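Hi,

Here's the structure I said I'd pass along.

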Amino acid sequence: MSDHRPNLEARSLSIGYKEGKQSVADDLSLKLEPGELVSLLGPNGAGKSTLIRTLAGIDDPLGGKIWLNGRLLSELTPKQRARQVSVVLTDSLPGSMVSVYSLVALGRHPYTGLMGGLDKDDESRIEWAIEAMGIQDLATRRFGEISDGERQKAMIARALAQESNVLLLDEPTAYVDLPRRVEIVGVLRELAHSHGMAILASSHDLELSLGCADKLWLMDLEGTLTIGVPEDLVLQGSIAKLFRSDSFEWNSELGGFQVHRTPVRFARIRGEGEAYQWTRRALERMGFAIRNDSSVEFELVVGLDAAGVPLYQVIFRGISKSFGNLEDLFAWVQENDKRDVSD
């Protein structure tokens, strides 16, 4: 019989603020499995940070129970808890004068004696954590001298040095540019899959989460937590529901957000592949509604030349013309619009 158990589990969990017993979310049941990267998504104020702090044992739950590797979180000593769960918070940055190596070494605190001395095993784990985050060249530099993206990597390395099998991160890609965001999430995914860690990271980057996370936890302002595989949540409409707005919406077919616009004209488009998808996005951004019939005034065929470069054959108000890029195509359409207005 299998002895499988999640690295972290909560049942009937209520989270919020002890002062005034203000609840943010109630009756939550959730699991973090080994080898799993989970992205926690939701609007500001939904309680994402509160959930992470509660699961880490920083904030007490208002109700329910949390287990770490089969043991009740409430029964663990601080040192026992620190050996099983690591947490990276956006508001817990250390002093700027400490070196990156010294910062990462703080992750060994649950294992060192009263004097805090590091043995060979400690040093080996510190070096592994630094290498895992690819920050070997930063080890001797001061924390205050490195970039925001590098700081985030150093903070994650400190958490890895704790040698826990649960890693909780509150917006680890905040204040980081796009390439570094992709890089950090890629490292987290590799750590989960290659080292069997259970990793939960809150985020506001929906598209990156859809592409990298094994599961999504969607938390709305009513305190409801919806859990599932990213593609299931898209097809079930859960993503669109969570991010519904009067000014924009989630387009599951295109896999991105769209600003609401009242269509001013209709277009028919044919083609396939990424050139087709991006051309359709461009048309909708310009106010075209896509319709598959012959009554439209604008028809576009997207193809590729022998070198794989997109080609655009357009019929607009009875005029047929070819273009090698969308910028020239749209400039021509706008010029025809101006000519019609002046006429």
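L40 stands opposite S202 of strand 8 (strands are DSSP E runs of at least two residues, helices H or I runs of at least four, numbered from the N terminus). Before going on: this is a predicted model, where local features need pLDDT of at least 70 and side-chain atom pairs count only at pLDDT 80 or more, while totals for chains, interfaces and linings use all residues. Residues are numbered from 1 along each chain as its sequence is written, and side-chain values use heavy atoms, leaving out hydrogens and water.

Six bridges join strand 3 (residues 36–41) to strand 8, and the two run parallel; strands count as paired if DSSP finds at least two bridges between them. Strand 7 (residues 166–169) also runs parallel to strand 8, through four bridges, with A201 as the bridge partner of L169.

How many of strand 8's residues are buried? Six of six, across residues 198–203 (buried is under 20% relative accessible area, 1.4 Å probe, protein chains only; exposed is over 50%, partly exposed in between). A198, L200 and S202 point one way, and I199, A201 and S203 the other. In a regular strand, side chains alternate between the two faces of the sheet.

I199 is also among the residues touching the most other members of the largest nonpolar core, which has 36 residues (buried Ala, Val, Leu, Ile, Met, Phe, Trp, Tyr and Cys joined through side-chain atoms within 4.5 Å). Helix 5 (148–161) gives the largest share of this core, seven residues.

Cheers
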